Amino acid sequence: MEFVSPEGLRLDGRRPMEMRQIRAEIGAVTKADGSAVFEMGNTKVIAAVYGPREVQNRSQQINDQALVRCEYSMANFSTGDRMRKPKGDRRSTEISLVIRQTMEACILTHLMPRSQIDIFVQVLQADGGTRSACINAATLALADAGIPMRDLVTSCSSGYLNSTPLLDLNYVEDSAGGPDVTVGFLPKLDKVTLLQMDSKLPIDIFENVMQLAIEGCKAIANYIREIMLENTKQLEYRRGI
Amino acid sequence: MENKPSSSPTSFVDQSVVPGDVVLDLSNMTNQTLKLGGGLRQDCDAISVMKAGKLRFSNPNKYWVESSQKRYVPHAGDSVLGIVVDSKADNFLVDIKGPGLAFLPVLAFEGGTRRNIPRFEIGTLLYVRVVKANPGMNPELSCTDASGKAAEFGQLKDGYMFESSTGLSRMLLSSPTCPVLDALGKKLSFETAVGLNGRVWVFILFLRPSYL
């Protein structure tokens, strides 16, 4: 199947280096301490953060840092066929672990010993790149909750089909069986914090594909910055400052 | 796009900042002592932001990030509203919307002895002062001021409590008096207690049949 036409257009009309449209909203879940909705094209996820609060399970308490827990689940209606077991299956457990490790590396956990931070991410609509959208949403939710972080974590995926590196794969391109590289990136510190890949790639092409994903992360970081600054201004405006 | 760290901090003061922003570069400032408040941390030679908010500066050398959240970070000296969760032999366990439950010693009341320990049920609302707030330890509270007098601390009976953000609480407590409280005071007589942890208690003594 042809994923990149001879004119250089992908199946949804994008250029190979073009990302899908992103949209973010802070504060969607009023009960949570911090929350955010993040959309990348048709992929839509919602993240809610609770904490830092008292550890619920005493045996898991860590004496010198905060305990970070993360749960990833997909809504039954998120994919084309109604899903039978949206959480607890292998893929969800793996992605929960990946998101938890990525965010834990970025949260300054030593400032909140013996407390617990819960991150819940729910995929409302899945069209490829759910992992990245979840990490971006979790970053916004953590910042909304005022949890001290080293830097914003942004994430983007890229692939390689028809001998072209493609940025931000959607579901059809992802299920083509080609490589799918997901990168988590700290923009100000300029460090890669998550790197995952399915399938195989020659090492020299891998460099290009990873660099492309990092560029995507930087673009998302700019957008996330703007959203957060806008949100801070809104909060102050409502308080009359 | 990189924001260049500036040695002249005026470019970031009173501006909104997000986690990761480098607001000061110490390599150009020698022999100066800076005081860093909440929301800032030092990373070798760069001062970077931990929380999203507005960067503030106060003479001569204090920097901090002012942000408003739903949860509270306990500091010594703050007056907060707590809800009793449990009572033990020596302490009451009080929830102050912080990372851990706070302890209120049973003797921390004016004229408190072992004979007249107050009995607070679970769910009682208290206006208390934070005495100690060290990271990693449960905060310690007291129902007296620093000199040992009761000074309005203690149980808040009747009335209505609602939750707010920490920023709103600070604004209600700012001086000169917040315009909202002024305007309400002209129409009604009421009693209010504002906790820095994002809880506000209001008690109206006489409610006239009018809309607020």
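**Helix 2, chain A**

I started with helix 2 of chain A, residues 130-144, in what is a predicted model. I counted 15 residues in helix 2 and took the distance from its first C-alpha to its last, which is 21 Å. That is close to the 21 Å expected at 1.5 Å a residue. I then asked how many residues of helix 2 are buried. The number is 15 of the 15, so helix 2 is largely enclosed by the rest of the structure. After helix 2 comes A:Gly146, and I noted its positive phi, near 75 degrees.

**Record for chain A**

I looked up the UniProt annotation, an unreviewed entry. The record lists "domain: Exoribonuclease phosphorolytic" for residues 18-148 and 151-216 of chain A. For residues 151-216 I checked the ends, and their C-alpha atoms lie 17 Å apart. I put the content of this span at 27% helix and 41% strand.

**Nonpolar patch**

I went over the surface next. A:Met1, A:Leu11, A:Tyr171 and A:Val172 make a nonpolar patch of about 460 Å². I placed A:Val172 in helix 3 of chain A, residues 171-174. A:Val172 is partly exposed, its relative accessible area being 42%.

**Salt bridges**

I read A:Asp118 as buried because its relative accessible area is 0%, and buried means under 20%. A:Arg69 has 34% relative accessibility and counts as partly exposed.

The next entry is A:Arg14 with A:Asp12, the closest N and O atoms lying 3.1 Å apart. Here I found A:Arg14 buried, with a relative accessible area of 6%. A:Asp12, at 38% relative accessibility, counts as partly exposed.

The last entry is A:Glu215 with A:Lys218, for which I have 3.7 Å between the closest N and O atoms. I asked why A:Glu215 and A:Lys218 are separated by about one helical turn. Both lie in helix 4 of chain A, residues 203-239, and they are separated by about one turn because they are three residues apart. An α-helix has 3.6 residues a turn, so residues three or four places apart point the same way. I noted A:Glu215 as partly exposed at 42% relative accessibility. A:Lys218 is partly exposed as well, at 31%.

I then followed shared partners. Salt bridges join A:Arg10, A:Asp12, A:Arg14 and A:Glu173 into one network.

**Ser142, chain B**

I turned to chain B for one residue, B:Ser142. I located B:Ser142 in strand 12 of chain B, residues 140-142. Is B:Ser142 buried or exposed? B:Ser142 counts as buried, at 6% relative accessibility. I also noted a polar contact of 3.0 Å between the side chain of B:Ser142 and the side chain of B:Thr144.

How values were computed: Residues numbered from 1 in each chain as written. Chains lettered and ligands numbered in written order. Predicted model: local features only at pLDDT ≥ 70, side-chain atom pairs only at ≥ 80, totals over all residues. Heavy atoms only, no water. UniProt positions renumbered as here; feature names shortened; annotations may be inferred. Helix = DSSP H or I, 4+ residues; strand = E, 2+ residues; numbered from the N terminus. Expected span 1.5 Å × (residues − 1). Buried < 20%, exposed > 50% of the residue type's maximum accessible area, 1.4 Å probe, protein only. Patch = residues over 30% accessible without salt bridge, like charges linked within 9 Å, V, L, I, M, F, W, Y side chains within 5 Å. Areas by Shrake-Rupley, 256 points an atom, 1.4 Å probe, with all protein chains shown as cover. Salt bridge = Lys/Arg side-chain N within 4 Å of Asp/Glu carboxyl O. Polar contact = N/O pair within 3.5 Å; in protein donor to acceptor, adjacent residues only side chain to side chain.
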